[in-house]
Amino acid sequence: MYSNEQFNSVGQVTGLVGESSTPSKKDVFIFDLSALFDPHQTEMSPAFADYLVEFASRRPCYLLANLNYAEISYFVPSRVCRAFEGIFASAGTEMWSQNEMLIRHEHTFSDDLYECVAGLVQQSAYPDKSAPLINCGSATLRVCLAGTRVGRTAKQAYLSWEREHREIDRIVEILQNRFPDYKVCKDTDVSLLVMPRTFSTARVQDHVLQRHKSARLVTYLTPAASDGFAKPMCDAFLETNIVATVAGASDVSQLLSYEMRRTPAQPALGAVQLRLVREA
């Protein structure tokens with residue numbers, strides 16, 4: 001079995017995810033939003049959405065995304081959102097369930113930081129920017145120099161330009177050097193994320209384990225997520241947990257098919273009393 005210390009492509013993980021030295025542990029699944037879409041897709045296929053709903057009815061599932069909840073709702077069909085026991089939005093700084101916010105980590109960004117981010121965005125040499133360029137969460141600033149709501153074609157056009165000019169890397173370096181109290185990372189090939197060091201995505205593991213005692217977490221992440229905003233969570237994972245890096249929905253479908261055959265259905269957490277928890 002692979003521990004959290006080892007990251008593998010789908011081809012290496014497929015036959016080994018089920019090998020557990022702790023069979024009494026209940027598996028709980030966490031999906032990176034980007035892992036649920038193949039590179040060419042602009043929306044989730046209905047067949048794959050139905051398969052996710054069926055899988056989530058048998059095993060506890062959570063979604064993790066760098067986007068805010070409203071944006072997640074745009075990309076993920078409502079039946080899939082309802083089937084998941086929780087959705088960690090804005091890089092895990094918020095947790096939602098059944099359209100109710102349960103947890104929010106709040107942070108007031110300094111004027112200096114926000115003005116610096118806005119200035120760097122304004123100075124971008126990319127000629128085809130589409131507003132809005134900055135998405136503000138309760139404890140995140142997400143910057144996409146192509147535009148935070150543009151489609152896949154526009155993002156691909158920006159990516160081609162970015163590979164030549166390396167503008168995001170320069171902005172990340174400037175922000176990291178000037179604001180050491182914040183974590184700055186490329187959360188996708190075309191965007192960057194700014195978060196306070198008072199928050200770590202490792203808290204995602206803590207929140208899930210509070211709800212599912214002695215669970216083993218099985219996580220499917222894109223390489224960008226595992227190396228970016230989700231890296232603190234992966235680094236903090238218990239040794240029994242699994243991290244599988246995947247290229248997209250096709251890989252996830254293959255792995256879930258194996259999981260469905262491997263073990264009997266596990267009951268979901270069930271109805272819980274919803275309450276808002278505001279973190280310091």
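1. Ser214 sits in the loop between α8 (202-211) and β10 (216-221). In this predicted model, Ser214 has a positive phi of about 60°, although it is not a glycine. Its relative accessible area is 53%, so Ser214 counts as exposed; the cut-off for that class is over 50%.

2. Of the 6 residues of β10, 6 are buried, so the strand is largely enclosed by the rest of the structure. Arg216, Val218 and Tyr220 point one way from β10. Leu217, Thr219 and Leu221 point the other way. In a regular strand, side chains alternate between the two faces of the sheet. Note that the buried set includes Arg216, a residue of β10.

3. Which strands pair with β10? One is β1, in the parallel sense over 5 bridges. Here Val28 stands opposite Leu217 of β10. Another is β11 (residues 242-245), joined to β10 by 4 bridges and also running parallel. In that pairing, Thr219 has Val243 of β11 as its bridge partner.

4. β1 (residues 27-32) also pairs with β2, again in the parallel sense, over 4 bridges. Ile30 stands opposite Tyr62 in β2. From β2 (residues 61-64), Cys61 and Leu63 point one way, while Tyr62 and Leu64 point the other way. All of these β2 residues are buried.

5. A separate point concerns the antiparallel pairing. An open sheet of 4 strands has the order β6-β7-β9-β8, with antiparallel pairing. β6 (134-136) and β8 stand at the edges; each has a single partner strand, so one side of each has no neighbour in the sheet. From one strand to the next, the twist averages 20°. Within this sheet, β7 (residues 141-144) and β9 (residues 191-196) are joined by 4 bridges. Cys144 has Ser191 in β9 as its bridge partner.

6. Leu193 deserves a look. It lies in strand β9. Is Leu193 buried or exposed? Its relative accessibility is 0%, so Leu193 counts as buried. Leu193 and Arg142 are 51 residues apart in sequence, yet their C-alpha atoms are 4.5 Å apart in space. Leaving out residues up to four places away in sequence, Leu193 touches Ala91, Thr140, Leu141, Arg142, Lys183, Val184, Cys185, Asp187 and Phe229.

7. The peptide bond from Ala131 to Pro132 is cis, with omega near 0°. Pro132 lies in the loop between α5 (111-122) and β6.

8. Two packed helices are described by the angle between their axes and the distance between the axes. For α6 and α7 (residues 167-178), the angle is about 65° and the axes are 6 Å apart. On the α6 side, the contact uses Tyr158, Trp161, Glu162 and His165. On the α7 side, it uses Glu167, Ile168 and Asp169. By class, the contact has 3 nonpolar, 1 polar and 3 charged residues.

9. Arg166 is found in the loop between α6 and α7. It has a positive phi of about 55°, although it is not a glycine. With a relative accessible area of 41%, Arg166 is partly exposed.

10. The largest pocket has a volume of about 1,100 Å³. Its lining comprises 38 residues, and the closest to its centre are Ser34, Phe37, Arg152, Lys155 and Thr188. Which elements each supply at least two lining residues? They are α3 (69-75), α6 (152-165), β8 (182-188) and α9 (223-227). The largest share, 4 residues, comes from α6. By class, the lining divides into 18 nonpolar, 10 polar and 10 charged residues.

11. Last, the overall tally. The secondary structure comes to 11 helices and 12 strands. The chain has 280 residues, of which 54% count as buried. Among contacts with a separation of 6 or more, 70% join residues 24 or more positions apart.

Terms used:
Residues are numbered from 1 along each chain as its sequence is written. This is a predicted model: local features need pLDDT of at least 70, side-chain atom pairs count only at pLDDT 80 or more; totals for chains, interfaces and linings use all residues. Side-chain values use heavy atoms; hydrogens and water are left out. On a 1 Å grid over the protein atoms alone, a cavity is a set of points where a 1.4 Å probe fits but cannot get out, and a pocket is an open set with protein on both sides within 12 Å along at least five of seven lines; lining residues have an atom within 4 Å of a point. Grid points are joined across faces, edges and corners, and a volume is the space filled by probe spheres set on the points. Ala, Val, Leu, Ile, Met, Phe, Trp, Tyr, Cys and Pro count as nonpolar, Asp, Glu, Lys and Arg as charged, and the others, Gly among them, as polar. Axes are lines fitted to C-alpha atoms, for helices over the stretch in contact, and angles run from 0 to 180 degrees between N-to-C directions. Contact means heavy atoms within 4.5 Å. Two strands pair if DSSP finds at least two bridges between them. Buried means under 20% relative accessible area, exposed over 50%, partly exposed in between (1.4 Å probe, protein chains only).
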